[in-house]
Structure formats: C-alpha cells, structure tokens
Amino acid sequence: MFTSIRSKLIASLLGVTLLVGAVSLWTGVHLLKKHVIGEAANRVALDLNAGSEMIQERIRLIRTALNITSLGSGFVGSVEAADPNDLAYRLSRLAHHAKLDFAGILGTDGNILSRLGPNAKIQRIPAENPIGRMALERQSSVEGIVVLTREMLLHEDPELAERARIAIPDLGAEAAAAAEATSGLALAAAVPIFEGSRVVGVLYGGQLLNRDETLVDMVRNRLSQGESYKGRPIATATVFLNDLRIATNVTLPDGRRAVGTRVSAEVKAAVLDQGRRWSGRAWVLSDWYITAYEPLEDIFGRRVGMFYVGTLEAKYTDILTRALTVFILITGAGMIVALGFGVLLANRIMGPVHRLIKASRQVSEGSLTPDVGPIKEGEFGRLQKTFLEMVAAVGRRRAASEDRIIQSEKQASVGRLAAGVAHEINNPLTGVLTYTHMLLRRKDLNTEMRADLETIAAATERVRKIVKGLLDFSRQTKLDPEPTDINRLVGATVGLLENQALVKGVAVKFMAGENLPMVTLDRSQMQSVLMNLIINALDATPPGGQIKIFTAPALSGDGAVHKGVEITVADTGSGIPAEHMDKLFDPFFTTKAVGQGTGLGLSVSQGIVQRHQGHIRVQSEMGKGTRFFVWLPIEGTGGKS
Amino acid sequence: MKILVVDDEGIVLLSCRRILEAEGFEVQAAPSVDEALALLDAPGAPLPSLLLVDVKMPVHDGMYLMRQVKAKHPQLPIVVMSGYPTDETVENAAIFGAATFIAKPFTPGELLDTVLSVARKGNKP
Ligand SMILES: Nc1ncnc2c1ncn2[C@@H]1O[C@H](COP(=O)(O)OP(=O)(O)OP(=O)(O)O)[C@@H](O)[C@H]1O
Ligand SMILES: [Mg+2]
C-alpha cells in the first residue's frame, strides 16, 4: 500500500506542506514571541521608570508643601515662640493639603516642638524620626525614603504603628523577619526653617506607604491605560519593604491584595543584595508576569525596599496562542488541501496507469483489443498509443505464426497421407497402365473397343497426374538456391504462359521493377509458384480482362524489418469470396470443376515460399479482381532460418 | 537379352514381364531381394544384361541389392523404379551406381524407352 506511487505522491505532498507549515509556525512563533514578549518587557521597563518617577514626584510634592508651610506668614514667629496651638493648627492644615500621614517641627535642639496626631502637644522630647534630625544636622532640606521602626511610629502616632503592622501569612521559618513587618516605609521630606539666615527649626512630614493603595493603584492605572485581562487591569505595581509586599495591587487567588507576601529569592538576591535592576518573566504569586524590579534606597543610601511593576503575561501569551492557533489552522488547512490535491493528482496520474495495468491483464488473458480508456494528451497518451501498437504488433505476429503453424501442420499431415496413398496406388496403377496400353497395341480391335480402352487410358492418366501432384505436394523437396535475377525469372515464366493467355483473350503485362537486388532462390520451384499464380489468375479472369505482374524492392511487413523483393500478380477477375479467404492455402481447396484443379497449387506454393523465408499475401475484391503478393528476402535461405 | 526384374508387388512383376517379353526380351522375375541374389548367384546361369529394381521392399531393399550387385558385377547396368521418388532416393540411386531412374506408374512406352536407352549404352563399352 505504501509502496504505491499514489501513496508516495500524497505522502510527499503532505510532507512538503507539513514542512512548510512547521517551518513557518516555528519562525512565526519565534518572531512573535521575540516581538510581543520583548515589546512587553520594554514596556514594563519603561513603566518601572515611570513608576519611580511618580514616587519621586510624590516626594517632591511633600517637600514643596513643607516649603510652602515653612514660608507661611507668622510661621517662623510661631516656631520661635514655640506656640503649640498655632503650630498644631498649621501642621494639621499642611497634613490635610499634602495628605501627610505624619508631620512635625523640631527645634534647633532636636526636640519636638509640635507634631500631628494625638501626641501633638507633648513637647520638648527628642525626635525619633531620623529625617528631621538629618535636615537639622545638614542645615538643608532632605527628602527621600525613610524606614520608620515601630518605636518611631508609636512615637509619631500609635495609629500609624497599627497601620504599618502587616500580618505575614507565610511566617514559618522566617519568623525572625516578623519584626520587620511592624516597620513602616515612608516617603518623607524635611526642610529647615529659617529666620533670616539662622535656622530656627526643622519642618518634616511624610506619607506612610504601608497599606497605602493610592500610590500603587495610581501607578497601575497610569500604566494599564485601561487595558485589562479577564476583568483585571493588566499592570500591577508593588512597594516592598525589604522583600515584603507592603503596598500592592497584585492579588491573591481569593482576590485580596497580596500584602504581607514576599518576593522570590532570586529577585531578592539580585535586587536587594546586589542592588541591580531585575527584569524578566517571573511567577508572581499565582500568575506569570513580565516584570521589572528596582531597589529603593533610603536617605542614608541603604537598600530598604523594592519597587515593582509587571504586566500579566497571559495577555501576551494569549496573543501568541491565538497566532499559534491560526498558524496551526492554516497548516492543517494546507494539509487538507494538499491531501485533496494529492489524491486528485494521484488519480489523474494513477487512473490511466491502473487502466493500462488492467489493459495489460486483458492482453495476458488473451485479448488483443484491450481497453486503455480515452487516449490522453502528452507522455501518457504516447504510452497508451505505444501500448496499443505493441499489442497490435504482437497480435499480428501471433496470428501470422499461428497461421503458419496451422498451415504447415496441415501440409505435413496431408503430405504423409498423400505419400502413403501415392505409394500404394502407384503399383496397381502400373498394372492398369501397362495392360491398357498393351491392349491398345493390338491390331484386331474394333473401333468401339478401342474407344473404350482409350477412355480407360485417359482416366488412368488423370489418376497418374493426381497422384503425381500429391507426391509433389508431400515431397518437401530440398531447395537448390542460386542468386537469381527476379525480373528474368518472372519474364521467362510469363513467356511460357503468353500463348495460353492469348487463346483465352486475356492481356498479360509484366512491369519489371528497377534496381532490384539479386535474390537467392530455387529457380524451378519459384517458377512453379509463379506459374500457379498466373494460371489461377487466368482461370479467374474472363476474356477481355487483364493480368499485371510487378516486381519491386520491399521490406517485410511483419515486425522485424528485412529487405527483400515483392512480386505482385494482379488480375481483373472474379475476386475471391470472403468466406474462401482463409481456406485458399489449404491443400485440396479448389473451386474449379473436377479435373480442372486439385487445390494443391497455392498450398504447395506457400510451402515453397516459406522455405525461402518469404510469405504470400492476398487481397481481393469481389467482381473487381485479386492481387497475390509474394515477398522474398534478399538473404534468401542462407539468411535467418 | 535377359532382364532381371525385382519387385515385391506381383502386379509390377507381371506388367514388366508383359511389356518386355512383348519386345522380345527374356525376363526373370524375383519377388524379393534374396531371391534375386539367389538367381544371380546360381551356378552356371548366365548373368542378365540389365537389372530393373524397386527401391522399397520388405526385408532387404533395392539399395541393399544394388550394393551387393555392384560389388560382384560392377558392369551390370541397373534401372531403379520407385512409386515414391524423393530427392533422397534419386540421389542414393545415383550414388550406388544406378544407370537411370524411372517413376512408377509408367506406360509401356516409357519403360521401353528407358530400358532400351540403358541397354544401348551398356552394349557400347
Ligand atoms: N487469382 C484468383 N482469382 C480468384 N480465385 C482464385 C485466384 N487464385 C486462386 N483462387 C481460388 O483459390 C483456389 C485454390 O487455388 P489453388 O491454386 O490452390 O488450386 P487450384 O488452382 O484450384 O488447383 P491447382 O492449382 O492445384 O491446379 C482456386 O480454386 C480458386 O477458387
Ligand atoms: Mg492453381
């Protein structure tokens, strides 16, 4: 089955389609992946920058607000006077406008003058918040990220400490880190308060990031630009305190924000330990994200946290999957088309081949007219025609050789019979002839007796002739071939019969062909062949008719081509009925009156011609005439046997 | 003039005797090769001046007889008769020294012509 041309053809078509499909699929996926995922990664990196910029922007806003407050009229005076009521009022206004979680004012001694919250009026205690001290020490404004310990937060405002406390769901082994979960990460600034060029205090304030959703959501919204995936914004942003998520919109599977979870060890190592930016594909809690992380440094230059943005990879893998599906569908469709095409093509090619195979089978079963179907164009048509020609040629040859075998078998058996009969008859015939003739010699016979005896003698003579004919027929006389000028032989034979023709009133014409090669043949036997043909023609042709004899060079008609000479005897006689055609060469077949012909002429002639490796053909049309063709090879009997 | 005719067919022997005796020949007839040889070898009997022999005969055939005769009497002319003359018989006849050949059936005239022409030649040398 799989060795058939048909399946090979289909398989190769399928193979090519599959190959093309697979290659384009592979390159397509490759390109898409590079393009889509690469694009996404670029975008995330840019988003991270934008996110960082937003954080810085917030810090600057805080400082600006502080500056504005510090320059407010009467503020310096209130600081110098350490008026708690006025300072508290100013601070609460500042906090309200700038959305500060904590704010306070330090005196030049580093003690608190006033601050937000319930402890607002507890004065003259040293400030815990490091940023205010730093601004005081530097005598200039400070801004940035600060880590506030639980003590600092409690000091600032117990409520803040509460907000900063983050439950860590996956405590376990890292129980030690639990302490950090109570610290806070804040965006803060501190500005010195000047009286002229003299610093009279420091104003500080900041926003606690723990659980602060505004920043991360703002970043996320800005970055998502309205794009969502399955109802979720595709972008996410997170602020880490060390490796702990303290503000995030990455969600847990149950939809809660993943506050209190930790980053992967790999990211932690790269970002927190080595201080590098990290970007790439990352498994964040429950989904794959295309991510970027960067370290957050506090005002002392310590790496205290990380900032993260990421987009859901699913969005991009969906695009990829869709593209992949389309590709696979196209390839599949291509293969189906190829299959159909292959089957069609195979049928087109193999249909005629199968027909030819069937036709060959018919031939091997004996048919000589196999059905090869309609003749096609092109090579196949040529094959069909050649096949038909071949079959026809085989048929002709087989018919010819069968005819020849049948004919020679007939001749052989008739020959044996004739020989036996002749041998037996000849002895008694000798007695009949002898005594008839001896009686005829007598002088005392009366006329009647003499007439009777002469009738016996004549009849016996006929018997003798018949027996002689039988013997001639049965004798496969050896050929005595010699190189012969055909035209001379035919001319001489025609000469012998001219008188007979003249008497009958039939014109005999010999048209000798030119440039005839010499032919090696047995002259006397070939002459008897010609004699019989011409006598037959004379017998069949009524007075006024015509007999023409031609000679010409000719190739043998059957299959193998041999050079030779053809002698044609054409008459305008009666013609031969179709039903006699295949009996003509049978021994004893004659239509002539009893005593006129023995029916051995053509049979003997055919034997002679065949022994010369030649053949006799006949063409006849009733009422118009008959043509006999005798073809003889140049090589003669010396040629192939 | 004596002629020995050898043939297994009685009618042929009869016919030959009838034709030849009518012309004045003395005719000896032998129905088989063995009898012909016995006649030829008979002590005191004069040799015939011509042999008329059939080819196909049972036991010993005409060719056998010719070989025997030619061995002992090379001068004796032989005429071969056959009812079925093939090229081979004609050739063999010539090889074994037959003077001539006559096909059966023949008319009295044909037989006499043949015999006389051989006898004339045979008399000459
Ligand atoms: N030229 C011819 N025109 C018409 N019929 C012919 C011709 N040649 C042969 N025949 C037919 O073929 C038959 C056989 O011919 P063939 O030569 O074998 O025998 P014959 O002529 O009848 O007898 P034979 O040749 O033995 O005297 C003839 O009896 C005749 O019917
Ligand atoms: Mg004829």
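Over all chains, the salt-bridge count comes to 29, a salt bridge being a side-chain nitrogen of Lys or Arg within 4 Å of a carboxyl oxygen of Asp or Glu. The model is a predicted one, where local features need pLDDT of at least 70 and side-chain atom pairs count only at pLDDT 80 or more, while totals for chains, interfaces and linings use all residues. Residues are numbered from 1 along each chain as its sequence is written, chains are lettered from A and ligands numbered from 1 in the order in which they are written, and side-chain values use heavy atoms, with hydrogens and water left out.

Take the pair A:Arg90 and A:Asp86, whose closest N and O atoms sit 2.9 Å apart in a salt bridge. Both residues belong to helix α3 of chain A, with a spacing of 4 residues, about one turn of the helix. (Helices, H or I with at least four residues, and strands, E with at least two, are DSSP runs numbered from the N terminus.) A:Arg281 pairs with A:Glu313, and here the closest N and O atoms are 2.5 Å apart. A:Arg281 counts as partly exposed because its relative accessibility is 47%, whereas A:Glu313 is buried, with a relative accessible area of 5%. The cut-offs behind these words are under 20% relative accessible area for buried, over 50% for exposed, and partly exposed in between (1.4 Å probe, protein chains only).

A:Arg617 and A:Glu566 make another salt bridge, the closest N and O atoms being 3.2 Å apart. Again the pair links distant parts of the chain: A:Arg617 comes from strand β18 (residues 615-621) and A:Glu566 from strand β17 (residues 563-571), both of chain A, 51 residues apart. A:Arg617 is partly exposed at 38% relative accessibility, and A:Glu566 counts as buried at 16%. There is also a network of salt bridges, which links A:Glu213, A:Asp217, A:Arg220 and A:Arg257.

The side chain of A:Asn532 puts an N or O atom 2.9 Å from an oxygen atom of ligand 1, and a polar backbone atom of A:Gly601 is 3.0 Å from an oxygen atom of ligand 1. On its own, ligand 1 has 600 Å² of accessible area, and the protein covers 90% of this; such areas come from the Shrake-Rupley method with a 1.4 Å probe, and for residues only the protein chains shown count as cover.

On the surface, A:Val337, A:Phe341, A:Leu345 and A:Ile349 form a nonpolar patch, together holding about 360 Å² of accessible area. Patches are made of residues with over 30% relative accessible area and no salt bridge, joining like charges within 9 Å and nonpolar side chains (Val, Leu, Ile, Met, Phe, Trp, Tyr) within 5 Å. A:Val337 is part of helix α9 (residues 313-364) of chain A and counts as exposed at 56% relative accessibility.

In chain B, a cis peptide bond with omega of about -5° joins B:Lys104 and B:Pro105. B:Pro105 falls in the loop between β5 (100-103) and α5 (108-123) of chain B. Chain B has 5 helices and 5 strands, running β-α-β-α-β-α-β-α-β-α from the N terminus.

Terms used
A polar contact is a pair of N or O atoms within 3.5 Å; within protein, one must be able to donate a hydrogen and the other to accept it, and residues adjacent in sequence count only if both atoms are side-chain atoms.
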